[in-house]
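User: Hi! Could you walk me through how this protein is put together?

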Amino acid sequence: MSFNIAIDGPAGAGKSTIAKRVAKELSFIYVDTGAMYRAIALYLIRSKVSPSDQEALKKACENIEITISYENGEQQVILNGENVTGLIRTEEVGNMASAASANQPVREKLLDLQRNLARNSDVLMDGRDIGTNVLPNAQLKIYLTASSATRAERRYLELQEKGENCQLEEIERDIIERDQRDMNRDIAPLKQAEDAVLVDSSNMGIDQVVECILSLYEERKGR
């Protein structure tokens, strides 16, 4: 039987970084659901489809194929045959992904693929509704969060390292707005699953969070 780990939490909580580390330690398949939503968002931006236009969204989803591959141990996101891994981490794509993911056609597009992966393999998925909706029977669920100020500062430093101009206050404002949108959407809102373990990384380093989750895995595995 496969073992599934679900990591949920708000934008900028470090889910992807932590998830990749834990998956590598456990030799699990890491499924970056956020990257898959971002790939859809990139398609919608390119096609000038509004996330509020349900009919256009539905039609667009029919033309989208997303696959995950690995090269030298690094996940690659393929959108309709094009490797878009380096194109999906912009703020514009992130905001579109947040808005589009609240829509049923977008969610249904990815749900079957994600569940099939989890049914057949040991996987670790991170996102907004993995433990509550995508993998409700996951053996280990984590709700990873941090204060909006901490998340904004992390994002600010990340963008500065890339040489991008940015304002800390604006980044935090965007994060707070995205939190509200994700938590209050009608379909699969962001929330902590009842059986999820809360991990607040505001005052924790990456290594500490990874060790915490690995310990929880060992505990659950031994039951």
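This is a predicted model: local features need pLDDT of at least 70, side-chain atom pairs count only at pLDDT 80 or more; totals for chains, interfaces and linings use all residues.

Analyst: Residues are numbered from 1 along each chain as its sequence is written, and side-chain values use heavy atoms, with hydrogens and water left out.

User: How far apart do the C-alpha centres of domain 1 and domain 2 lie?

Analyst: Domain bounds here come from an automatic or database domain assignment. Domain 1 is made of 1-27 + 123-222, and domain 2 covers 31-119. Their C-alpha centres are separated by 19 Å.

User: What area is buried between domain 1 and domain 2?

Analyst: Buried area is the accessible area (1.4 Å probe) that two parts lose on being put together, summed over both. Carbon and sulfur atoms give 41% of it between domain 1 and domain 2. The total is about 1,800 Å².

User: How many salt bridges does the rule find across the interface of domain 1 and domain 2?

Analyst: Side chains of opposite charge can pair when their charged atoms come close. The rule asks for a side-chain nitrogen of Lys or Arg within 4 Å of a carboxyl oxygen of Asp or Glu. Glu91 and Arg155 form a salt bridge at 2.7 Å, N to O. Across the interface of domain 1 and domain 2, the count is two.

User: Which helix holds Lys109, the partner of Glu65?

Analyst: The structure has eleven salt bridges, and one of them joins the side chains of Lys109 and Glu65 at 3.9 Å, N to O. The two residues are 44 apart in the chain, with Glu65 in the loop between α3 (54-62) and β3 (66-71). Helices (H or I, at least four residues) and strands (E, at least two) are DSSP runs, numbered from the N terminus. Lys109 sits in helix α5, residues 104-120.
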